[in-house]
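Visitor: I'd like to go through this model and ask what stands behind each label. Could you show it to me?

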Amino acid sequence: ERSPMPRIPYRKSPGVIASFTLVAMLIGYGVSTDTAQETAQQTVSTVEQFEGYVPEAYQDPVGIWTRCYGDTTNVTPGEKYTAEECARSLNDHLVETSTPVMRCVPDLSKQHPKVIVAMLDMAYNIGPTAFCKSSVARYANAGEWTAACKRISEIYTTAQGVKLKGLVVRRTAESEMCLQGLKEAR
C-alpha cells in the first residue's frame, strides 16, 4: 500500500507569454502565420492551467521530481525557480514536446487551433514518443479526426497503474476542446 503523497505546493501563476520560438516552430510546420500566435498562446495557457505553477522542485503524485509547470528535466531537489525561469522552462519544453508531434501528425497544422492545442497539451503531459505511438495519432493520420478527438478522453488517465482524477479531468477537457475545434472549423 502506498503512503499518501505530500500536497503539491501550487501557487498562482504569474501568467506566461508564448515565446517567439514556439510561434516560429508552429509556422515552420505549416500553421498559418495568422493563427500561430493565438495557437501558441492558447497552448501555453492550457498547459499552464493543467500543470499548475510550482516554482520549486517537488514530487508529483507518483514521486517524479518536477518543477515549474510540470517540467521533469534537470530538477534539483530543494531548488527554487524564478517566474522567468519557469516561463522559459514551459516554452522550451513545449517546443521540445510539440516539434515531434507536428512531425508525426503532419496534417495537424491544417486543423483548427483548438485541435492543435488539445493534442499538444496531451503530448506535453504524456511525452511526444507516447503521443506519436498512440491511437490518437493513428486516427489523426488516417484522417479520422473525430475518432482521434474522442479517443483522447479514453487513454492515459493513469500513472503507474493508478487512475488519477486530474488526468481524467485533463483528458476529458482536451477531448472536448478537440471536438469543439472540429465543430468550429466546419
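Guide: What follows is a walk through some labels, with the values behind them.

Guide: This is a predicted model, where local features need pLDDT of at least 70, side-chain atom pairs count only at pLDDT 80 or more, and totals for chains, interfaces and linings use all residues. Residues are numbered from 1 along each chain as its sequence is written, and side-chain values use heavy atoms, with hydrogens and water left out.

Visitor: Why is T97 called buried?

Guide: Buried means under 20% relative accessible area, exposed means over 50%, and partly exposed is in between, with a 1.4 Å probe and protein chains only. T97 has a relative accessible area of 3%, so T97 counts as buried. You'll find T97 in helix α3; helices are DSSP runs of H or I with at least four residues, strands are runs of E with at least two, and both are numbered from the N terminus.

Visitor: What is T97 in contact with?

Guide: Contact means heavy atoms within 4.5 Å. Leaving aside neighbours within four places in sequence, T97 is in contact with A123, Y124 and P128.

Visitor: What makes G127 buried or exposed?

Guide: The relative accessible area of G127 is 18%, so G127 is buried. G127 sits in the loop between α4 and α5. The C-alpha atoms of G127 and R7 are separated by 24 Å, with the two residues 120 apart along the chain.

Visitor: Over to the loop between β2 (65-68) and α3, where T72 is found. Why is T72 called partly exposed?

Guide: T72 has a relative accessible area of 43%, which is why T72 is partly exposed. Not counting residues up to four places away in sequence, T72 touches I64, W65 and T66.

Visitor: And what makes T73 partly exposed?

Guide: T73 comes in at 29% relative accessible area, so the label is partly exposed. T73 lies in the loop between β2 and α3, and beyond its neighbours within four places in sequence it is in contact with R67 and H93. From C-alpha to C-alpha, T73 and S89 are 9.2 Å apart in space and 16 residues apart in sequence.

Visitor: Why does N74 count as exposed?

Guide: N74 has 69% relative accessibility, so N74 counts as exposed. N74 is in the loop between β2 and α3. Its phi is near 50 degrees, a positive value in a residue other than glycine.

Visitor: What makes Q160 exposed?

Guide: Q160 is exposed because its relative accessible area is 57%. Q160 lies in the loop between β3 and β4 (162-163), and its phi is positive, about 50 degrees, although Q160 is not a glycine.

Visitor: How do you know that the charged end of R67 sits over the ring of Y81?

Guide: A charge sits over a ring if NZ of Lys or CZ of Arg is within 6 Å of the ring centre and within 35 degrees of the ring normal. The charged end of R67 is 5.1 Å from the centre of the Y81 ring and is counted as sitting over that ring. Y81 is buried because its relative accessible area is 11%. Outside its sequence neighbours within four places, Y81 has contacts including P55, E56, R67, N74 and C86.

Visitor: Which residues are closest to the centre of the largest pocket?

Guide: A pocket is an open set of points on a 1 Å grid over the protein atoms alone, where a 1.4 Å probe fits, with protein on both sides within 12 Å along at least five of seven lines; lining residues have an atom within 4 Å of a point. Of the 31 residues that line the largest pocket, E51, D60, P61, N125 and L167 are the closest to its centre. Helix α8 gives the largest share of the lining, five residues.
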